[in-house]
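Dear colleague,

Please find below the structure that I am handing over to you. A short account of the findings follows it.

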2 protein chains.
Amino acid sequence: MNEPAKKPPMTRDSLLPLLAAHVLTHGLGQASLRPLARAAGTSDRMLLYHFGSKEALMADLLGHIAQVYAAALDAAMGSARAASRGEVVARILAQGDAPAMQPFLALWWEIVAGAVRGIASYRTAARAMMDELLGWLETQMPADDPDPKGGARYLLTLIEGTLMLGAIDHGDTAHDGLLASGLLRP
Amino acid sequence: MNEPAKKPPMTRDSLLPLLAAHVLTHGLGQASLRPLARAAGTSDRMLLYHFGSKEALMADLLGHIAQVYAAALDAAMGSARAASRGEVVARILAQGDAPAMQPFLALWWEIVAGAVRGIASYRTAARAMMDELLGWLETQMPADDPDPKGGARYLLTLIEGTLMLGAIDHGDTAHDGLLASGLLRP
DNA sequence: CGATAAATGTAGCACTTGCTACACAGGCTT
DNA sequence: AAGCCTGTGTAGCAAGTGCTACATTTATCG
């Protein structure tokens, strides 16, 4: 009667959320098979059985995380449209400061680093996430913006620069830069 | 008579350039003691003898690389002052595209990722390199700029965003953004 | 010269890595 | 009933990790 009733059959789809949770809190650097398996309540043996290889697992996992990220964006999308570009930036940066987004941001830089080093699955995930963010940004642009497409790319560049500077304790630098740009008002 | 005359006494300072070269081409991920030692023509044993621990070695190494980076900036500093902010950005991005800078950029994102994960020596190195870049940028601002300090921070944010987007094959996105910002002209 | 310390080589330890071989259960079809 | 495919557990391997113990060479100094 002590049987934990672990019938739920354990598929790729049932494993991915558990793996994603582990990676989001512990980082990609610690993403070796045994720790991942422990986090998912299995063995490395089973992870390889289900995913084929670690490389395939990582590709699936990053894809899954990209989906979760997109969903989080949707959920955070404010209903009212912003009135100015500055308001768009302010909203997004406010969301970037939210605790819920921190694990994603931390993971993001690891993905970027891996992409630059040429790891294919990282490149794919990075592109997917950035495409998603750019598309979402375009829908967030003010209704009367003269150049929503170009403006979204401009804001994306500023936002990513700001996030990077924030990641290395240069958040003030980026903030002062945004003030000087005229987008934000003090 | 086959003796390679390996007299040069091998100090920290003689090792660091060799280690830096290896890390710049192979990345921090491959920076384990034995490969590093091979690249420097020694043994892991000797690296620990000279640096005490891997952690101390990495701290020294990142500090050294930050110095090299600063020197590279000095060397690349154009003599003539830029006439506009757009020209400053264009110059720096041109330099960022130079092949000589690629290893630094690739390393940069690994340092950022490590800094975000809380590795102290990475944080220190990241701060040092960004302080250096910001200071240099201020000296590069146009002579007639109304707000050189704020402007430099604004440009730095844009530049870092552009570099990141370029790192994940979104260089076009950043370029279009800079065009839309009015800083660059087509 | 002899003693002492610094520098270097050789082995090894305990651990983690991705991955595999083998056995064994249960349900499925034939 | 006989086979068979899917799922799972246990062991293990070869390679690599940071680091240490011990022995040896080499240089320095009294």
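**Findings: the DNA surface and the chain pair**

In this predicted model, the residues of the surface near DNA strand D comprise 7 nonpolar, 4 polar and 5 charged ones. In total, 16 residues surround DNA strand D, and the closest of them are B:S32, B:L33, B:R34, B:S53 and B:K54. Both protein chains supply elements that give two or more residues to this surface: α3 (44-51) from chain A, and α2 (33-40) and α3 (44-51) from chain B.

I turn next to the contact between the two chains. Here, 40 residues of chain A are in contact with 41 residues of chain B. On the side of chain A that touches chain B, the elements giving two or more residues are α6 (102-116), α7 (120-140), α8 (148-167) and α9 (171-181) of chain A. The largest share comes from α8(A), with 13 residues. By residue class, this side of chain A divides into 20 nonpolar, 11 polar and 9 charged residues.

The copies meet through the same surface, because 100% of the interface residues of chain A are also interface residues in chain B.

With kind regards

Conventions:
Residues numbered from 1 in each chain as written. Chains lettered and ligands numbered in written order. Predicted model: local features only at pLDDT ≥ 70, side-chain atom pairs only at ≥ 80, totals over all residues. Contact = placed C-beta atoms within 7 Å. Near = placed C-beta within 6 Å. Helix = DSSP H or I, 4+ residues; strand = E, 2+ residues; numbered from the N terminus. Nonpolar A, V, L, I, M, F, W, Y, C, P; charged D, E, K, R; others polar.
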